[in-house]
Amino acid sequence: MRSLSEGGELAVAHEHDRLKKAPVLETVFELRAAIGESFTFLPGKMAASLEIDYPDVRETDLAKFFGIAPLPPEAGFLATHQFRTSDGKNLVQLGPMGLVVNSLAYPGFDAFRSAVAKALVSYHEHASVTAIRRLGLRYVNSLPRGEALLSGLTVSVQWPALEGASHQSV
């Protein structure tokens with residue numbers, strides 16, 4: 001790995017040993033949005049469109065309260081419905097304020113991106129999104145202890161090419 005020093009010279013940093021196991025424990029994609037239709041029928045429509053990949057559909061206890069008193073946007077994301085894969089390792093969570101896609105056993109970037117894209121396509125087809133309030137992507141890691149703080153971590157970030165303005169490009 002190479003970097004520029006303060007004086008502008010090219011410096012070679014210490015190369016870390018590759019980890020035997022990827023440190024990613026869980027990934028979370030979050031979309032908070034305002035929708036132009038009633039939330040009432042959205043869970044059923046999404047359940048129907050996602051049933052091949054997410055056959056296990058659950059209503060949370062919060063769904064019962066949401067029917068009595070709608071929540072303000074300041075409440076943040078609260079799941080009223082969960083759609084799970086058969087093995088329980090991946091889920092889509094739906095609430096009146098948006099959508100969350102979780103992977104509890106990280107399958108790699110391409111597979112996770114595909115799962116997010118499927119959920120987003122379904123959400124945008126059925127929710128009539130009027131405004132996006134927040135996008136979030138989180139990786140929950142467990143790094144092995146090293147000699148120094150973050151000694152096992154090397155980061156490489158690449159911004160994806162966002163071709164066109166499709167929902168999948170998010």
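Predicted model: local features only at pLDDT ≥ 70, side-chain atom pairs only at ≥ 80, totals over all residues.
Biologist: What share of the residues is buried?
Modeller: Of the 170 residues in the chain, 32% are buried.

Biologist: How many helices and strands are there?
Modeller: Three helices and eight strands. Starting at the N terminus, the order is β-β-β-α-β-α-β-β-β-α-β.

Biologist: Now E30. Where does that residue lie?
Modeller: E30 is in strand 3, which covers residues 24-35.

Biologist: Is E30 buried or exposed, and why?
Modeller: Buried. Its relative accessibility is 4%, and buried means under 20%, so E30 qualifies.

Biologist: Which side chains make polar contacts with the E30 side chain?
Modeller: One is the side chain of R32, at 2.5 Å. Another is the side chain of R138, at 3.3 Å.

Biologist: And what does E30 touch, leaving out residues up to four places away in sequence?
Modeller: E30 touches F77, L99, V100, R134, L135, G136 and R138.

Biologist: New topic. Which residues form a nonpolar patch on the surface?
Modeller: F109, L137 and Y139 do. Together they have about 290 Å² of accessible area.

Biologist: Where is L137 placed?
Modeller: L137 sits in strand 8, residues 129-141.

Biologist: What is the relative accessible area of L137?
Modeller: It is 47%, so L137 counts as partly exposed. That class lies between the 20% and 50% cut-offs.

Biologist: Last one. What share of the contacts with a separation of 6 or more joins residues 24 or more positions apart?
Modeller: That share is 65%.

Definitions and conventions: Residues numbered from 1 in each chain as written. Heavy atoms only, no water. Patch = residues over 30% accessible without salt bridge, like charges linked within 9 Å, V, L, I, M, F, W, Y side chains within 5 Å. Areas by Shrake-Rupley, 256 points an atom, 1.4 Å probe, with all protein chains shown as cover. Salt bridge = Lys/Arg side-chain N within 4 Å of Asp/Glu carboxyl O. Helix = DSSP H or I, 4+ residues; strand = E, 2+ residues; numbered from the N terminus. Buried < 20%, exposed > 50% of the residue type's maximum accessible area, 1.4 Å probe, protein only. Polar contact = N/O pair within 3.5 Å; in protein donor to acceptor, adjacent residues only side chain to side chain. Contact = heavy atoms within 4.5 Å.
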